[in-house]
Amino acid sequence: MKIVKWGIIGCGNVTEVKSGPAFQKTPNSALVAVMRRDAALAEDYAKRHNVSKWYSNAVDLINDPEVDAVYIATPPSSHKEYTILCAKAGKPVYVEKPMALNFEECNEMISVCKEHNVPLFVAYYRRSLPRFLKIKELIDQNKIGTIRHVNCVLYHPFEERYDDEINLPWTVLPHISGGGIFVDLACHTLDFLDFVFGSIQSVRGHASSQLKAYPAEDSVSMSFLFENGIHGTGLWNFASFERYDNTDIVGDKGKISFSTFGNDPIHIQYKNGEKENITIENPLHIQQPLIETVVAEILGNKGINPSKGTSAARTTWVIDEVLKEFRGLK
């Protein structure tokens, strides 16, 4: 294989700019087919993005002999089903985050892909973004000394689109998304911390629905402990008066502060009082750096991709741990 020919299952909003065009702009990569249950919308997407084929049935796309690999961009409730179908067809899988509804499903996906010798990649693209690689580089270079603890805070106001019980977005319907906005957004921060510090071994937390506007949680607080002994805390709330997004990584020689979303400068505060701001813009097609590693690995450059099923499953395990009481599980 000299070029990876991709098919997309679920060509919705996330694929318009963030990911879809990157499959065409990445070296040795081409987007040849897309699928959406609404055939007219699939056709519209294909024509606007210069894709030659479109389908309204995922199985047809997966079985298309021209499709080498599949990007699954549907809600999490169908990730496991489509991943298993792709694995049995012998086609590499690049699946959207969060990886699945729960840790058990993640493990099933990993097992089936391993059985069929099919690589499984997950769209935690911050692991390849220059802005976040710079944060990791600063930590690896000991710029703020030995890391002691991490604190994550994300909150924003309640949005009107969640005030319609009949037409709620799927992101707050747990049977489709696995949870609420916490699951959709916090997974990015938690996965990046896993990338920088390794796996989290212990999680304690609380989740609740303060507004009771939808079935999922709208407020989460948690504490966690990495295997290397670093402590972490986090707070996520989606019914607050303003928007705020900040993570502090604190060492014995300084502190790094950054937002998970947006292009805010990376702020560094040193023990001697000096401060530094580093601005690195995100690319237009924000998934492209990660997609480039996926394509390279499929073509034989093993080990270059940093976001696989095994790492993504760890993030889902953390989410499961903090939500299990809210979900009614023990």
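Helices α8 and α10 are oblique to each other, because their angle is neither under 35 degrees (roughly parallel), nor over 145 (roughly antiparallel), nor 65 to 115 (roughly perpendicular). α8 covers residues 181-197 and α10 residues 309-323; they pack at about 125°, axes 9 Å apart. Axes here are lines fitted to C-alpha atoms, for helices over the stretch in contact, and angles run from 0 to 180 degrees between N-to-C directions. Helices (H or I, at least four residues) and strands (E, at least two) are DSSP runs, numbered from the N terminus.

This is a predicted model: local features need pLDDT of at least 70, side-chain atom pairs count only at pLDDT 80 or more, and totals for chains, interfaces and linings use all residues. Residues are numbered from 1 along each chain as its sequence is written, and side-chain values use heavy atoms, with hydrogens and water left out.

On to the contact, meaning heavy atoms within 4.5 Å. From α8, the residues include F182, L190 and D194; from α10, they include R314, V318 and L323.

Now the sheet. It is open, with 8 strands in the order β8-β9-β10-β7-β11-β12-β13-β14 and mixed pairing; two strands pair if DSSP finds at least two bridges between them. At the edges are β8 (200-208) and β14 (275-278), each pairing on one side only. Twist averages 10° from one strand to the next. Inside the sheet, β9 (219-226) and β10 (231-237) run antiparallel, joined by 7 bridges. One of the bridge pairs is S221 with L235 in β10.

Back to α10: this helix also packs on the sheet, touching β8 and β9, and its direction makes about 45° with that of β8.
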